[in-house]
Amino acid sequence: FPLWGLGSLAVLVFGIWLAFDVSGYQLWDAWIVVAIVLWLVQGAFGSQLSQGYKTMADGAVAQRPALSAHVVATAAVALLLVDMIWKPGA
């Protein structure tokens with residue numbers, strides 16, 4: 001769905017803007033770099049997961065890569081939430 005990509009990109013742009021705008025935070029702070037990396041991981045594996053769901057919707061049997069993508073994407077989101085809430089190293 002095209003709005004997912006647009007919303008995801010808006011979150012990244014808004015987050016980077018906040019890192020520049022809020023005093024006390026820098027874009028290269030460890031927790032911000034980790035958040036960007038986790039955002040990229042989630043996006044990559046989320047895309048694979050989406051393809052797996054489309055394959056299943058077409059009647060094909062779920063494949064192991066789709067399950068693996070689901071696990072990695074879910075873990076990345078959970079770690080991203082932990083990173084954004086507790087800001088380790090900030």
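Visitor: What does buried mean here, and what share of the 90 residues in the chain is buried?

Guide: Buried means under 20% relative accessible area, exposed means over 50%, and partly exposed lies in between, with a 1.4 Å probe and protein chains only. The model is predicted: local features need pLDDT of at least 70, side-chain atom pairs count only at pLDDT 80 or more, and totals for chains, interfaces and linings use all residues. Residues are numbered from 1 along each chain as its sequence is written, and side-chain values use heavy atoms, leaving out hydrogens and water. Of the 90 residues in the chain, the buried share is 17%.

Visitor: Which pattern does the chain follow along the sequence?

Guide: Helices (H or I, at least four residues) and strands (E, at least two) are DSSP runs, numbered from the N terminus. The chain has 3 helices and 0 strands. Read along the sequence, the pattern is α-α-α.

Visitor: What radius of gyration does the chain have?

Guide: The radius is taken over C-alpha atoms, and the globule rule is 2.2 Å times the number of residues to the power 0.38. The C-alpha atoms fill a box of roughly 50 × 25 × 15 Å along the principal axes. A compact globule of 90 residues would have a radius of gyration near 12 Å, whereas the chain has 16 Å.

Visitor: Is W86 buried or exposed?

Guide: W86 is in helix α3, which covers residues 64-86. Its relative accessibility is 63%, so W86 counts as exposed.

Visitor: Among contacts between residues at least 6 apart in sequence, what percentage join residues at least 24 apart?

Guide: Contact means heavy atoms within 4.5 Å. For the chain, the percentage is 58%.
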